[in-house]
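The points below are grouped by topic, beginning with a single residue and moving on to the wider model.

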Amino acid sequence: MRTAGSSAKPEGENTMRLKLHYLSSVAALALSFCCLAAPAQAARIRVVTTLTDLADFTREVGGDLVEVRSLATGVEDTHGVPMKPSFVPLLNRADLVVLVGLDCEHAFLPALLEASKNPRIQKGKPGYVDCSQGIVPRDVPKSTDHYQGDVHAQGNPHYTLDPVLAKTAVKNIYDALVAVDPGHKDAYTRNRAAYLARLDAKIAQWKNEARVLKGVKFVSYHEHWPYFAARFGMNYFGTIELKPGIDPTPRHIEQLTRDMIDQHVAVVVREPQFPEKVPKLIARQTGARLVTLPIMPGALPHTETYIKMMDYIVQSLVAASQGK
Amino acid sequence: MKLILCMGIALLCCTAAPARAEDLAERLNRLEQAVERQSHIIEEQQKTIEQLKAGQPRRDAGEHAASGGEAAKGEELKQQVDELNDKVEQVVEAQKKELPSAFNPAIGFVGETIFGYRSKGKAETGSDRPGGFDVFQRSVEMTAAASIDPFAKGYVVVNGSADPVTGELALGVEEAALQTTSLPGNLELKGGRFFGEFGKLGYIHDHELPFVNRPLALAQYIGGEARTDGLQLNWLVPVEHYVSLTVGAGNQFGGDNPPNDVGDFRHASGVNYWSRLSSYFELTPDVSFEPGISGLWNPKTNVQGSTVGGAQSFTTSGSNTFNERERRLYGADLVLSYKPLRNNQFESVVWGNEVLYSDNRYDLTDTLSGTPAGSSTVGSIGLYSYLTWKFHRQWSTGLQYEFVENQLNKHDKTNAYSANVTWALSHWNQFRLQYTYTDPNAASGRSADNAVYLQWNWIIGSHAHGWQQR
């Protein structure tokens with residue numbers, strides 16, 4: 001109904017208004033969908049870790065704010081996680097890739113990162129979280145000549161088996177999460193503090209339990225244990241592998257066995273991804289105790305988390321050193 | 001000091017006046033002693049203050065000896081700190097050195113030597129190698145790779161191989177390409193000379209194949225490694241499942257295929273086009289299969305109306321000459337793998353299969369008169385199927401069956417059977433002993449033969465674990 005003073009709108013203008021109305025409605029609808037969808041997407045940071053210990057740390061620090069997937073399940077060799085194409089879509093959508101570093105993942109991660117086509121997580125980008133930042137590596141080779149086997153040019157990468165150094169990895173993960181999601185810094189800080197408190201308490205407990213390990217000599221299949229040995233005062237006598245990544249020769253086994261008998265080496269450590277035959281033989285010939293130890297959470301039953309794994313390692317070694 | 005003494009005595013006199021004389025004397029005596037002690041203490045303290053002021057701590061003779069030792073230790077410590085500082089400075093200075101090699105790419109070499117024996121001569125086998133005993137350096141490859149800038153990486157593979165006839169070294173650029181690293185939309189572009197993505201083993205270098213020789217079907221239909229000068233775009237399809245799509249266009253396609261005769265002017269129809277779609281399915285964490293399909297098409301291989309160059313021509317037993325007009329090749333591949341996660345470096349079973357269908361179109365020319373005699377299509381099939389079993393970190397064994405029809409004459413058929421044992425002392429040093437029985441049919445005009453090969457591969461320098469070699 002027209003009122004006095006009102007003027008009739010031209011037909012074209014009405015049509016235009018109608019169109020604008022529809023457009024604005026559609027835009028509003030789209031915007032509201034975006035608003036609904038955006039928090040759901042932004043709510044969880046997508047993190048892919050190479051190994052399961054890093055996944056455990058990330059879950060502890062990130063809590064419900066992160067969605068964590070590990071490429072390894074725990075049973076693999078840390079250097080030999082298979083390059084599955086199913087990892088590629090995971091990495092393609094990841095906000096962060098968390099790795100051990102020191103070339104630990106050189107056999108599978110560089111090619112996977114290239115295949116992922118995700119610029120956010122390439123080396124040098126903020127999404128590339130190298131947990132070895134701040135670690136002083138052990139056993140840095142003087143030469144990278146392959147005469148020394150499959151050496152890691154930057155030093156031994158198995159530092160997470162030292163629970164004190166594992167805290168550095170936790171810190172690096174925390175820093176990366178805060179950098180990518182600063183809005184939840186308080187939550188990450190709380191989670192980290194709670195986890196480190198638990199870890200510190202366990203470290204004190206492990207140190208106490210491991211007093212009997214001081215000076216205990218042991219060999220392992222691969223060079224996984226220099227950081228652990230240094231932390232708990234054990235004497236790392238040698239490896240069953242001839243060189244890193246090189247299977248033992250009969251001569252090497254013979255020499256190692258002779259030296260172990262001479263030096264009263266008490267324990268043979270076998271990592272579960274390596275065959276049992278040779279470690280068992282050496283243990284039998286030398287009278288040492290054979291113990292199978294995980295190097296990643298999930299490698300054995302009752303080792304699903306890092307703390308459970310370290311519990312298992314310390315208790316198993318204590319038992320083995322006492323001849324149990 | 002005297003003033004203090006007098007004041008003390010006066011005070012004593014004032015306070016002790018009522019006391020008896022002997023008590024007074026005794027008290028006076030004690031007071032004198034006390035005052036003397038106080039005076040002595042005060043003197044000592046004053047000396048200490050003076051010594052401290054002069055920066056010389058008070059010590060007795062024994063303490064002097066001890067302090068001498070401490071001073072020596074301090075000197076030693078200071079010297080150590082100075083030496084440490086020197087070393088740190090040297091290290092820092094060393095970092096500033098100008099190293100001509102600082103920007104060198106990662107460089108590695110791969111060598112491959114073949115020791116062989118074939119029961120028939122090359123006239124009967126159709127091989128470019130002689131029959132009987134044979135030793136040749138199949139290749140020495142130098143690979144160099146590095147980032148070009150934040151947006152691309154580059155790599156070069158230079159291959160040196162022995163000429164099969166003269167034995168002389170022939171050097172060639174096998175690959176020299178750049179590859180983008182930061183394109184949006186899950187895209188990756190590769191350009192230059194490279195191995196185009198066709199089939200499963202087509203773009204794998206010889207020394208990385210599961211058997212000594214390239215499968216006959218690939219050798220014949222592709223012409224060896226899938227080398228091309230061109231451009232290739234790969235797209236990782238943005239879904240939760242792994243799906244990869246590749247398309248490319250290039251000059252020639254295949255190591256032994258020279259480019260088509262480009263002539264004076266070439267249209268887009270004179271170029272090779274290829275594509276590949278592949279995926280991956282996990283049946284269990286240990287068992288998976290990877291299917292893929294590929295296609296290669298050159299719409300006009302005789303674009304200049306000439307048979308010179310890559311377009312193949314041949315004369316049949318009849319009176320017609322076949323001039324290749326259009327090249328089509330289709331492929332389907334499937335790899336089924338069992339790789340137990342726990343000890344995948346010690347145990348695995350891989351069953352790889354690929355079927356190729358070559359659908360070439362030919363123009364016929366009457367050989368005698370040179371007049372057109374219609375056209376013909378030759379559809380031929382080639383396939384291979386292999387099974388490899390890794391039963392130790394150093395040891396694996398495999399069986400392979402091959403079948404191929406000649407792409408120019410489908411009645412020319414060959415079957416081949418191989419068995420091998422591989423001993424890898426390390427990642428960089430590998431021996432492979434293989435027996436192959438090749439059985440061409442009568443239409444081929446060739447003879448069956450037995451062959452034994454010992455292949456020795458080695459790697460020095462940098463080596464990368466590539467995605468395609470997984």
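Two residues are in contact when heavy atoms of theirs lie within 4.5 Å. By that criterion, and leaving aside residues up to four places away in sequence, B:N457 touches B:G111, B:E112, B:H207, B:W428, B:N429 and B:Q430. The model is predicted, and its scores are ipTM 0.81 and pTM 0.80.

- B:N457 belongs to strand β18 of chain B, which covers residues 449-461.
- With a relative accessible area of 8%, B:N457 is buried, because the cut-off for a buried residue is under 20%.
- A polar atom in the side chain of B:N457 lies 3.1 Å from the backbone oxygen of B:H207, and B:H207 is also among the residues that B:N457 touches.

**Confidence in chain B**

- The mean pLDDT of chain B is 84, and 84% of the residues score at least 70.
- Confidence in chain B is highest in strand β15 (residues 395-405), at a mean of 97, and lowest in helix α1 (residues 2-15), at 46.
- The pLDDT is below 50 over residues 5-21 of chain B, a stretch with five contacts in the model beyond near neighbours in sequence.
- Residues 303-311 of chain B also stay under 50 in pLDDT; for this stretch the model has 22 contacts beyond four places in sequence.

**Overall make-up of chain B**

- Chain B contains five helices and 18 strands.
- Of the 470 residues in chain B, 38% are buried.
- Among contacts in chain B with a separation of 6 or more, 59% join residues 24 or more positions apart.

**Interface between chains A and B**

- The size of an interface is often expressed as the accessible area lost when the parts come together.
- For chain B and chain A the buried area is about 3000 Å², with carbon and sulfur atoms giving 56%.
- Chain B contributes 34 residues to the contact and chain A contributes 36 residues.
- Twelve residue pairs, both members at pLDDT 80 or more, are in polar contact between chain B and chain A.
- On the side of chain B that touches chain A, strands β5 (187-195), β6 (227-236) and β16 (413-426) each supply at least two residues.
- Five salt bridges cross the interface of chain B and chain A.
- One salt bridge joins the side chains of B:R393 and A:D247, at 2.9 Å from N to O.
- A network of salt bridges links B:R393 and A:D247 with A:E241.

**Helix α4 of chain A**

- Six of the eight residues of helix α4 of chain A (residues 109-116) are buried, so that the helix is mostly covered.
- The buried residues of this helix are A:L109, A:A111, A:L112, A:L113, A:A115 and A:S116.
- Their cover includes α3 (87-93), β3 (96-99) and β4 (128-130) of chain A, together with β6 of chain B.
- Just after α4 of chain A, A:K117 takes a positive phi of about 55°.

**Other residues with positive phi**

- A:D103 is not a glycine, yet its phi is positive, at about 65°.
- A:D103 sits in the loop between β3 and α4 of chain A and is partly exposed, with a relative accessible area of 34%.
- B:N186, likewise a residue other than glycine, has a positive phi near 60°.
- B:N186 lies in the loop between β4 (169-180) and β5 of chain B and is buried, with a relative accessible area of 11%.

**Salt bridges within the chains**

- Over all chains the structure holds 28 salt bridges.
- B:R361 and B:D359 form a salt bridge whose closest N and O atoms are 2.8 Å apart.
- The side chains of B:R214 and B:D206 meet in a salt bridge at 3.0 Å, N to O.
- B:R214 is buried at 10% relative accessibility, whereas B:D206 is partly exposed, with a relative accessible area of 22%.
- In chain A, A:K308 forms a salt bridge with A:E304, the closest N and O atoms being 3.5 Å apart.
- A:K308 is partly exposed at 41% relative accessibility, and A:E304 is partly exposed at 48%.

Note on methods: Residues numbered from 1 in each chain as written. Chains lettered and ligands numbered in written order. Heavy atoms only, no water. pLDDT = per-residue confidence, 0-100. Helix = DSSP H or I, 4+ residues; strand = E, 2+ residues; numbered from the N terminus. Buried < 20%, exposed > 50% of the residue type's maximum accessible area, 1.4 Å probe, protein only. Polar contact = N/O pair within 3.5 Å; in protein donor to acceptor, adjacent residues only side chain to side chain. Buried area = accessible area lost by both parts, 1.4 Å probe. Salt bridge = Lys/Arg side-chain N within 4 Å of Asp/Glu carboxyl O.
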